[in-house]
Amino acid sequence: MKFKAMTAVAALLVAAPMLGMADEEAELVVNGEIEMVTKTDAPAHLEGALPEIMSGWRFRSDETQQTQMDDFDNPGMIFVDQAQAVWDTAEGSEGKSCASCHNDVEAMEGVRAVYPKWNEEAGEVRTLAMQINDCRETQMGAEPWKYDGSDMTAMEALISVQSRGMPVNVAIDGPAQSVWEQGKEMYYTRYGQLELSCANCHEDNYGNMIRADHLSQGQINGFPVYRLKNTKLNSSHARFKGCIRDTRAETFSPGSPEFVALELYVASRGNGLSVEAPSVRN
Amino acid sequence: MAEGVTPRVKVPKKAEAGEVITIKTLISHPMESGQRKDGDGNVIPRSIINRFTAEFNGESVIDVKMEPAMSTNPYFEFDATVPEAGDFKFTWYDDDGSVYEEVKSITVG
Amino acid sequence: MNFSRRETFGLGLGAVALTMLPVGASAATVDELIAEFTGGADMADTGVTLTAPEIAENGNTVPISVEAPGASAIMVLATGNPTPPVGTFNFGPLAGSRSASTRIRLATTQDVVAIAKLEDGTFARTSAEIKVTIGGCGG
């Protein structure tokens, strides 16, 4: 147990043995062939903070874990199929589809693993969703999608599938460093009436129970994730929003510069874990 | 017709004659239960897939009566005997009268 | 903010109590549904298996499997749901086994019942308690 002082967190935590779930030693192999790294040494920048990093998959019950092990059990794959059709469909004033420029979606191999990343031309750190919308507006002459809407999460999932099993490897130095620092600052800032930072739950108390939930490290290598709760794909920004709301704070918006910075930082905490999307969580 | 309904079916491409194979099916559907209310307090009407069937060369494998307690994006796993080469036909029946079909061929030998 | 051990425990109990509120509200309907399916026949205690998690990670999507060798049909009921019927699996001539898996919604902690109609005209019944918890941030 990594209990610190009796803070607001302690009030929410119930002793762990209440639910006999989650096999933290299980290994994730998808379709009997894609071997996922769900536990590995923490990246250098986390020295002193976390000894090792673990995918949220390790914190779920056996039944939920199994749902991600076969693409015909994983309901998230329905939306990957739908996005595949969208990939090939021309839209907007330019009469282009994603395929018009990128050909087969398999050309997207490796992309998910390095996002968010610095875009030199635009002079900003871009998330995958921002890049997708930039393509839609600039290349296709189409309307941008809602940042965390179902069209966007499905397309992110399709692109992510091309990188499944590859290690997350976002760059945190060079021009992205200041944004990364901003995200780190946010991660350790206490928000809301409950005065909770990301770290209070996901660094200090992962593995413990928060009510009936098994707290994970809050890794985002599996996003977008299909949640059993709302039975759809969810973006990392929607999850960030939910977390900050749960601290009883005014939250930031999906796609806001704050959440872009936080996504870069949280993604970097998972450098070395496999791209899992679409993962399945509760 | 509910929007964007997509079936997803896993059937092996071939089998031995008489072999028992496992089939998995998923379909995107909200399965609105009729128990929920909208923001104004009005009940959202029930809208579900109420029946799923699997047939092989016209003969029944499984026929499921589905109720609102089935989860969103309904999933089934079941076994089928494959007596000969042919087609599996999967059919989902929506409350609104829509019918969604998927066919998968299997070879024997 | 400081919480005593007792206060912390009390908060936990509140969460547990919430999960146990609407139990057995529709028991009569369950009996009627069973009578309709069996025609009032006796049901054996063995012959049908229901596999389900003891604790569901989320009540919205609970994986279950039913199996009954020699069954022509298996009916599943969620006794604690506002409407108990879940589904009925009718096995055809080309069924490779008399078993099926699916995912169901459970409104609360409750008994899920599976009743098999066997080809010899008899019936078998089993049930399993599935605990449905209120999640933390995830639920």
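What pattern does chain B follow when read along the sequence? It is β-β-β-β-β-β-β-β. The model behind this reading is predicted.

Start with chain B. It holds eight strands and zero helices. Its C-alpha atoms fill a box of roughly 60 × 20 × 20 Å, taken along the principal axes. Of the 109 residues in chain B, 50% are buried. Now take the contacts in chain B with a separation of 6 or more. Residues 24 or more positions apart account for 58% of them.

Next, see how chain B meets chain C. On the chain B side, 29 residues are in contact with 26 residues of chain C. The two chains bury about 2200 Å² between them. Carbon and sulfur atoms carry 51% of that area.

Is C:N58 buried or exposed? The relative accessible area of C:N58 is 10%, under the 20% cut-off, so the residue counts as buried. The side chain of C:N58 reaches the backbone nitrogen of C:N60 at 2.9 Å.

Now turn to chain A and its helices. Two packed helices are described by the angle between their axes and the distance between the axes.

Take helix α6 (residues 128–140) and helix α7 (residues 150–161) of chain A. They pack at an angle of about 105°, with their axes 10 Å apart. Angles of 65 to 115 degrees count as roughly perpendicular, so α6(A) and α7(A) are roughly perpendicular to each other. From α6(A), the contact draws on A:L128, A:A129, A:I132 and A:N133. From α7(A) come A:M152, A:M155, A:E156, A:I159 and A:S160. By class, this contact of α6(A) with α7(A) has six nonpolar, two polar and one charged residues.

Further along chain A, look at helix α10 (residues 236–246) and helix α11 (residues 257–269). Their axes come within 10 Å and cross at roughly 100°. On α10(A), the contact is made by A:S236, A:H237, A:F240, A:K241 and A:I244. On α11(A), A:F259, A:V260, A:L262, A:E263 and A:V266 take part. How do the residues of the contact of α10(A) with α11(A) divide? Six are nonpolar, two are polar and two are charged.

Terms used. Residues numbered from 1 in each chain as written. Chains lettered and ligands numbered in written order. Predicted model: local features only at pLDDT ≥ 70, side-chain atom pairs only at ≥ 80, totals over all residues. Heavy atoms only, no water. Axes fitted to C-alpha atoms, helices over the stretch in contact; angles between N-to-C directions. Helix = DSSP H or I, 4+ residues; strand = E, 2+ residues; numbered from the N terminus. Contact = heavy atoms within 4.5 Å. Nonpolar A, V, L, I, M, F, W, Y, C, P; charged D, E, K, R; others polar. Buried < 20%, exposed > 50% of the residue type's maximum accessible area, 1.4 Å probe, protein only. Polar contact = N/O pair within 3.5 Å; in protein donor to acceptor, adjacent residues only side chain to side chain. Buried area = accessible area lost by both parts, 1.4 Å probe. Parallel < 35°, antiparallel > 145°, perpendicular 65-115°, else oblique.
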